[in-house]
Amino acid sequence: MIYLTLFITFFKIGAFTFGGGYAMLPLIQNEVLNHGWTTMEELVNFLAISESTPGPFAIKISTYIGMRSAGVLGAICATSGVVAPSFIVILILARCYKAFSNHWAVKGALFGLRPAACALVLSSVLSVFITVFSPFWQESFKISPLLLASLGIFALSTVGCIKKVHPILVIVLSAVIGIILGMAGLITI
């Protein structure tokens, strides 16, 4: 039963998300937390790990949740579920897009989907931001060296992204800073 639930859940996530892997994060978050397959903190930790590993986010998260919930067969079911809608839709679109790309309905749908996908990504960013920084404001808004270090890493990473620094360099430098802070005994979370 868990295998079918994983497949259907991730099929639904794959079918109703537009804009790429991170646009599906709100739906993933809702589904996996409601099923009790992970916690928000574990999901955020996996996001951090996911950023430093190759491959599409949707594949990694579905495989991770499936494996964590029901082993190898669960990983296969969840991953198949998230991939199937895109595979089916791309097959259909590849046959039809050229003929209908200038149709008013297609143009209108794409016009509406682009800002919605952007809003979903922003929603995910805010949700992850709140989870990452919530331990600091649960301590009566106490400014600590760890908070300052986290905000510094966040700021440097943001500036790096804006300045078009390669994402791998941003990830590696952020990890190195975290390791140095850990070696100095500053990381207590």
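Guide: We'll talk about a pocket and then a surface patch.
Guide: This is a predicted model, where local features need pLDDT of at least 70, side-chain atom pairs count only at pLDDT 80 or more, and totals for chains, interfaces and linings use all residues. Residues are numbered from 1 along each chain as its sequence is written, and side-chain values use heavy atoms, with hydrogens and water left out.

Visitor: What volume does the largest pocket have?
Guide: About 1,800 Å³. A pocket here is an open set of points on a 1 Å grid over the protein atoms alone, where a 1.4 Å probe fits, with protein on both sides within 12 Å along at least five of seven lines.

Visitor: And how many residues line that pocket?
Guide: The lining has 39 residues, and Val-44, Ala-48, Val-128, Val-132 and Ile-153 lie nearest the centre. Lining residues have an atom within 4 Å of a point.

Visitor: Which helix gives the largest share of the lining?
Guide: α5, with 11 residues. Helices are DSSP runs (H or I, at least four residues), numbered from the N terminus.

Visitor: Switching topic, which residues make the nonpolar surface patch?
Guide: Ile-2, Tyr-3, Met-67, Val-72, Leu-73 and Ile-76, giving about 520 Å². Patch residues have over 30% relative accessible area and no salt bridge, and nonpolar side chains are joined within 5 Å. A salt bridge means a Lys or Arg side-chain nitrogen within 4 Å of an Asp or Glu carboxyl oxygen. Accessible areas use the Shrake-Rupley method with a 1.4 Å probe.

Visitor: Which helix gives the patch its largest share?
Guide: α4, with 4 residues.

Visitor: Where does Ile-2 sit?
Guide: Ile-2 is in helix α1.

Key. Grid points are joined across faces, edges and corners, and a volume is the space filled by probe spheres set on the points. Helices (H or I, at least four residues) and strands (E, at least two) are DSSP runs, numbered from the N terminus. Patches are made of residues with over 30% relative accessible area and no salt bridge: like charges are joined within 9 Å, nonpolar side chains (Val, Leu, Ile, Met, Phe, Trp, Tyr) within 5 Å.
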